[in-house]
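Open the model in your viewer and keep the sequence panel beside it. The stops below follow the chain, apart from the opening one.

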Amino acid sequence: MEMDLNDEVKRLTNAGMSEFIPMAKARYAEEKKLAEMQFGWEISEHRFTEKQKLEFSYGIKRQEIIADTRLTEEQQAGKLQALRETYKLEESALKIAQQKQLLETKRNWISAAEYAQEYYALVREEILNTANYSPEMKN
């Protein structure tokens with residue numbers, strides 16, 4: 001990657017476009033950071049908890065957006081906002097799934113009424129946090 005950057009700097013200098021060298025260096029720095037994050041994911045994913053996987057995946061996707069030189073600032077801001085919204089939804093879904101697993105574990109120690117009450121509270125929370133459900137289903 002360093003060789004690519006050096007070649008790009010030489011090309012810009014030879015073409016008389018030295019004012020673009022800082023942008024080229026910044027782009028290569030973002031691409032290098034992305035490559036390092038992706039490598040870290042590939043070698044460590046199997047050790048992560050679901051929450052860590054979600055956070056690491058978010059970081060990589062965020063870096064992909066930042067490193068994408070084809071996007072305008074407005075497009076980049078829009079994609080980052082959509083990514084944050086998606087992350088929040090996935091985080092909520094993960095939390096509910098973990099709570100359901102805990103409830104299943106508690107099932108042997110609580111009454112059927114307590115189980116039903118907790119289970120349907122989780123289902124209601126899941127419905128409220130899911131965009132696919134219609135407003136009528138949420139009420």
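Against which helices do the buried residues of α3 pack? They pack against α2 and α4. Here buried means under 20% relative accessible area, exposed over 50% and partly exposed in between, with a 1.4 Å probe and protein chains only; helices are DSSP runs of H or I with at least four residues, strands are runs of E with at least two, and both are numbered from the N terminus.

Before going on, note that this is a predicted model, in which local features need pLDDT of at least 70 and side-chain atom pairs count only at pLDDT 80 or more, while totals for chains, interfaces and linings use all residues. Residues are numbered from 1 along each chain as its sequence is written, and side-chain values use heavy atoms, with hydrogens and water left out.

**Stop 1: the α1 and α2 core**

Select Leu5, Val9, Leu12, Ile21, Ala24 and Tyr28. These six residues form the largest nonpolar core, a core being a set of buried Ala, Val, Leu, Ile, Met, Phe, Trp, Tyr and Cys residues joined through side-chain atoms within 4.5 Å. Two or more of its residues come from each of α1 (2-14) and α2 (21-44). Now pick Val9: leaving aside neighbours within four places in sequence, Val9 is in contact (heavy atoms within 4.5 Å) with Ile21 and Lys25. A separate core of five residues includes Met37, Trp41, Ile60 and Ala67.

**Stop 2: along α2**

Select α2 by itself. Its buried residues are Ile21, Ala24, Tyr28, Leu34, Met37, Gly40, Trp41 and Ser44. The end C-alpha atoms of α2 are 34 Å apart, in agreement with the 34 Å that its 24 residues should span at 1.5 Å a residue. The expected span is 1.5 Å times one less than the number of residues.

**Stop 3**

Move to α3 (residues 50-67), where Leu54, Gly59, Ile60, Gln63, Ile65 and Ala67 are buried. With 18 residues, α3 should span 26 Å, and its end C-alpha atoms are 26 Å apart. Click on Ile65, which has a relative accessible area of 9% and is therefore buried. Beyond its neighbours within four places in sequence, Ile65 touches Leu71, Gln76, Lys79, Leu80 and Leu83. Next, find Asp68 in the loop between α3 and α4. Asp68 has 16% relative accessibility, so this residue counts as buried. A C-alpha distance from Asp68 to Ala26 gives 12 Å, for residues 42 apart in sequence.

**Stop 3: α3 against α4**

Show α3 together with α4 (residues 73-106). Their axes come within 10 Å and cross at roughly 175°; axes are lines fitted to C-alpha atoms, for helices over the stretch in contact, and angles run from 0 to 180 degrees between N-to-C directions. The two helices are therefore roughly antiparallel, since angles over 145 degrees count as such, under 35 as roughly parallel, 65 to 115 as roughly perpendicular and the rest as oblique. On the α3 side, the contact includes Leu54, Tyr58, Ile65 and Ile66, and on the α4 side it includes Leu80, Leu83, Tyr87 and Leu94. By class, the contact of α3 with α4 has eight nonpolar, one polar and nine charged residues. Ala, Val, Leu, Ile, Met, Phe, Trp, Tyr, Cys and Pro count as nonpolar, Asp, Glu, Lys and Arg as charged, and the others, Gly among them, as polar.

**Stop 4: α4 and α5**

Among the contacting residues are Ile96, Gln99 and Leu103 of α4, with Tyr115, Tyr119 and Leu122 of α5.
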